Amino acid sequence: MSDSHAAGQLFDQWAADDRARRMWQNHLPRVRQIWEMIPSSDGHYLEIGCGCGLGLRHVAENQYRDGRCMGIDVSQNMIRLAEETTAGLANVRLEAVDFTNWEPGDGRTFDAIFSMEVFYYFPSIQEGLNHASRLLAPGGRLWVLVDCYRENTASHDWSEKLGVPMQMWSSAQYADGFARAGLSEIGQKTLHHPKDEGASEPPTLCTYGRKCE
Ligand SMILES: C[S@@+](CC[C@H](N)C(=O)[O-])C[C@H]1O[C@@H](n2cnc3c(N)ncnc32)[C@H](O)[C@@H]1O
């Protein structure tokens, strides 16, 4: 079974019960800190692995209310949830596809690409970063957030526990991977869930960068 197929099956199950929205509620306090970095635009926004669509809805109603938003997810059931979540928003389009071999049909590029807890499911994180970089418009920005990374020892057994292949990179590898994907203005942030403050495990790792104009 391919990595993407395994992830699709797992998240089809999560979408079928209440776990997809609970997962999002858990992610929200950290994702919110990155929304502040997303500039308002009338251009094109892409969320990779949009899950139940609550994050996509926020951006479509705020920073990109005058733009176009695309959400993709390998899980058909997640996309069904996202369709319910974003119903009535004319600036949102959704597709159930595997990002690793997806091309927007119209050759479109994106001014901002965002992803929370997705890239380590790809067979190659570097290939995922290269692909995202190719899909950015000149000056476009990429944010990749992960909880499963080398410094977060609590995440080391997630792949085994969930029965899904996961790639394990360190924060330095993410920063280097962005550079190898041709991005500049690279930075990293660690995002604490309020209830995690002072906890011994590292928080969410956010790596971001920009494509040259
Ligand atoms: C941990 S969940 C996070 C969902 C959402 N971003 C959130 O924060 O609630 C990971 C999501 O990535 C999706 N995913 C995994 N591999 C993918 C791939 N190759 N292409 C597109 N989506 C993928 C899964 O189906 C799932 O919805």
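Which residues of S1 lie on one side and which on the other?

**View 1. Strand S1 has both faces covered.** His 44, Leu 46 and Ile 48 are on one side, Tyr 45 and Glu 47 on the other, and all are buried. A buried residue has 20 or more other C-beta atoms within 10 Å of its own, with C-beta atoms placed from the backbone. Five of the five residues of S1 (residues 44-48) are buried, so the strand is largely enclosed by the rest of the structure. Strands are DSSP runs of E, at least two residues; helices are runs of H or I, at least four; both are numbered from the N terminus. This is a predicted model: local features need pLDDT of at least 70, side-chain atom pairs pLDDT 80 or more, while totals for chains, interfaces and linings use all residues. Numbering starts from 1 along each chain as its sequence is written.

**View 2. S1 pairs with S2.** The two strands run parallel over five bridges. Pairing requires at least two DSSP bridges. His 44 has Arg 68 of S2 as its bridge partner.

**View 3. S1 also joins S4.** Three bridges link S1 to S4 (residues 110-116), in parallel. Tyr 45 is bridged to Ala 112 of S4.

Notes. Buried ≥ 20, exposed ≤ 12 C-beta atoms within 10 Å, placed from the backbone.
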